[in-house]
Amino acid sequence: MYIVIIGGGKVGFYLAKALLNEGHEILVIEKDASRTEFIHNELGSVCIRGDGCEVTTLTEVGAGRANMFIAVTGDDDDNLVACQVARHKFNVPRTIARISNPKNETIFKKLGIDVTISSTNIILEYIEQEVPTHPLTHLLTIRDRGVEVVEVKIPPKSPIIGKMVKELSLPPGSIISLIIRQREKPQVPTAETIIQAEDQIIAVTTPEAEEALRTVLRGL
Amino acid sequence: MKVVIMGCGRVGARLAGLLDIEGHSITILDTDTYSFRRLPAEFAGTALVGDGMDEEALKKAGIEKADAFVAVTQGDNRNIMAAQIAKHLFNVPRVLCRIYDPLRRELFNSLGIEALSPTTTFAQMLKDKIER
């Protein structure tokens, strides 16, 4: 595959290195002269100096035959415009943008960027999974379809301990899909399953009902 | 008319002043308060610190009720991104932006963004003056 990468910072450099190792044809476009030289010395002639949003630069690197276009500069607006130019001027079939402000995810989708990667969100997700006190962990968000898979740990004082699943008043659109207990096989609950303290619950919910679900399960 | 302007540079501040005198309701955004010194002393509109690429800042500036949005920061890409947010997310009826790069301007014009390139316009004006 021919892949064009915009931005030769740390992300761009290691990305190029990894993709080269996988046998792809790579070209990095970097604005800074000394950074360009560094990549050139490290990886060979796979980096040119230029502005990845400029039509002339992209023509020069043959963006028209690129299979994929990845914009990983530190600025969301630059990444957006680079991807849009690649898509609309050079018909690159797949464009990927790195974003720093998680709020831009929806905007970029709406403006036709195929994939966005938010480093902020990725780090946040890890923190949520690693920090046990965090009340509700997002495991999976089915993008733009309004469905989330979350994990909740039942605290020792939750009012729902000892209750059956059917007795819980879960918010609309929410369902408990799995209960994980220490030293037991994870089980798909029935209406009669009784909630115990320290249960790990995997639930399907919606972004709107998330807060209400947490209140029901944790009693906060 | 309610107009939101992003970027209080020379052009942004001057435009804000001109529209303000005509009685339009103006909100001007800039990330740096120091830029607001460029506004005329009698400016009656609102000057807000904020990033025009940020939805929240745009809402505070009243973008939801704006009749027009103008992006005139120094960065082409910032202007392009803000203009697209105003047009596609907030459905502002009239969106204008400045794009210095003529080729980029051409492309985004074809994508429905009403963009002006001072580079092209000014070079043409100079040429006309010289040849006259």
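In this predicted model, A:Thr141 faces A:Glu148, a residue of β8(A). Helix α7 of chain A, residues 210-218, packs on the sheet and touches β7, β8 and β10 (200-205) of chain A. The direction of this helix makes about 25 degrees with that of β8(A).

The strands themselves may now be considered. β7(A) and strand β8 of chain A, which spans residues 147-153, run antiparallel and are joined by six bridges. In general, strands of a sheet pair through backbone hydrogen bonds, in either a parallel or an antiparallel manner. Here the sheet is open and consists of four strands in the order β7-β8-β10-β9 (chain A), with antiparallel pairing. Its edges are formed by β7 (136-142) and β9 (175-180) of chain A, each of which pairs on one side only. On average, neighbouring strands of this sheet are turned by 20 degrees against each other, direction ignored.

Attention then passes to the contact between the chains. To this contact chain A contributes 15 residues and chain B contributes 16 residues. On the side of chain B that touches chain A, α3 (76-89) and α4 (102-110) of chain B each supply at least two residues. The largest share of that side, eight residues, comes from α3(B). Which classes of residue make up the side of chain B that touches chain A? Eight of its residues are nonpolar, four are polar and four are charged.

Terms used
Residues are numbered from 1 along each chain as its sequence is written. Chains are lettered from A and ligands numbered from 1 in the order in which they are written. This is a predicted model: local features need pLDDT of at least 70, side-chain atom pairs count only at pLDDT 80 or more; totals for chains, interfaces and linings use all residues. Two residues are in contact if their C-beta atoms, placed from the backbone, lie within 7 Å. Ala, Val, Leu, Ile, Met, Phe, Trp, Tyr, Cys and Pro count as nonpolar, Asp, Glu, Lys and Arg as charged, and the others, Gly among them, as polar. Two strands pair if DSSP finds at least two bridges between them. Axes are lines fitted to C-alpha atoms, for helices over the stretch in contact, and angles run from 0 to 180 degrees between N-to-C directions.
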